[in-house]
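Subject: Structure handover

Hi,

Here is the structure I promised to pass on. Have a look first, and my notes follow below.

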Amino acid sequence: MAAAGGDSSTTSVSDELFQNFYAEVKQIEKRDSVLTSKQQIERLLRPGSSYFNLNPFEVLQIDPDATDDELKKRFRALSILVHPDKNQDDPERAQKAFEAVDKAYKLLLDPEQKKRAIDVITAGKEYIEHMVKEKKKQLKKDGKSLDVEEDDPEVFKQAVYKQTMKLFAELEIKRKEREAKEMHERKRAREEEIEAAEKAKREREWQKNFEETRDGRVDSWRNFQAKGKTKEKKNRSFLKPPKVKMEQRE
């Protein structure tokens with residue numbers, strides 16, 4: 001009975017930890033929402049941003065459960081903060097930050113893309129929950145305390161965050177590999193198409209040249225044959241039979 005109660009409590013604890021995780025995220029969002037323009041630009045362009053910014057919710061600092069109206073308001077507020085016109089002392093970096101915000105917003109406007117992003121976040125949370133459950137199962141089997149480091153909300157939050165970013169990164173890498181493969185295949189197909197066209201062109205030119213020079217070749221052959229017959233006749237006229245000496249009788 002105690003064992004069953006332990007498994008059930010593990011699930012409820014994980015759900016509670018995840019709820020606490022998003023509660024803390026919201027607090028961070030509230031705090032970061034008052035960051036200065038320069039601070040927001042630094043956040044969006046920090047080292048590793050090419051992977052951090054794959055999560056559109058992370059870019060906009062908004063909860064996946066946010067309404068469309070909340071998403072729109074958040075985009076407007078953040079885009080104004082990092083807009084190049086507002087940061088004329090560093091327009092190039094501001095432009096990059098603005099593009100990151102704009103890209104994240106447009107992605108979340110697409111229901112299918114938004115669902116994919118939420119699915120990745122959910123998968124990250126479920127993976128950590130599974131990992132925690134397996135850890136506790138092994139500890140129970142070994143007769144040890146079921147306490148694990150992920151019981152700490154902060155550790156659990158960081159684990160979910162890292163796993164989520166890892167999943168986003170893996171998907172991006174696969175996307176780039178697929179894109180590179182498709183580009184290579186298109187390039188190869190184009191090269192084969194060009195080669196086939198050049199081959200057909202060479203064959204057409206050869207056929208055209210063959211047709212244009214056919215009469216000349218026929219005349220040359222006829223002349224060659226005519227000369228051969230004339231020479232043969234001429235040679236025959238010079239072939240005289242040898243003289244036969246007649247024996248004189250005494």
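Let me start with the pocket. Helix 3 (49-52), helix 6 (91-109), helix 7 (111-141) and helix 8 (153-212) each give at least two residues to the lining of the largest pocket, and helix 8 provides the largest share, 6 residues. Helices here are DSSP runs of H or I with at least four residues, strands are runs of E with at least two, and both are numbered from the N terminus.

The volume of the largest pocket is about 620 Å³. It is lined by 21 residues, and closest to the centre are Leu54, Leu107, Phe168, Glu172 and Arg175. By type, the lining splits into 10 nonpolar, 5 polar and 6 charged residues (nonpolar: Ala, Val, Leu, Ile, Met, Phe, Trp, Tyr, Cys and Pro; charged: Asp, Glu, Lys and Arg; polar: the others, Gly among them). For the method, a pocket is an open set of points on a 1 Å grid over the protein atoms alone, where a 1.4 Å probe fits and protein lies on both sides within 12 Å along at least five of seven lines; lining residues have an atom within 4 Å of a point. Points are joined across faces, edges and corners, and the volume is the space filled by probe spheres set on them.

Before you use any of this, please note that this is a predicted model, where local features need pLDDT of at least 70, side-chain atom pairs count only at pLDDT 80 or more, and totals for chains, interfaces and linings use all residues. Residues are numbered from 1 along each chain as its sequence is written, and side-chain values use heavy atoms, with hydrogens and water left out.

The mean pLDDT (the predictor's confidence in each residue, from 0 to 100) is 82 for the chain, and 73% of the residues reach at least 70. Confidence is highest in helix 6, at 96, and lowest in helix 1 (residues 2-32), with a mean of 50. Residues 1-6 have pLDDT below 50, and this stretch makes 1 contact beyond near neighbours in sequence (contact: heavy atoms within 4.5 Å). Where pLDDT is low, the coordinates should not be read in detail.

Overall, the chain has 9 helices and 0 strands. Of its 250 residues, 27% are buried, that is, under 20% relative accessible area with a 1.4 Å probe and protein chains only.

One local detail: Gln61 has a positive phi of about 55° although it is not a glycine. Gln61 sits in the loop between helix 4 (56-60) and helix 5 (68-82), and is buried at a relative accessible area of 8%.

Best wishes

Note on methods
Buried < 20%, exposed > 50% of the residue type's maximum accessible area, 1.4 Å probe, protein only.
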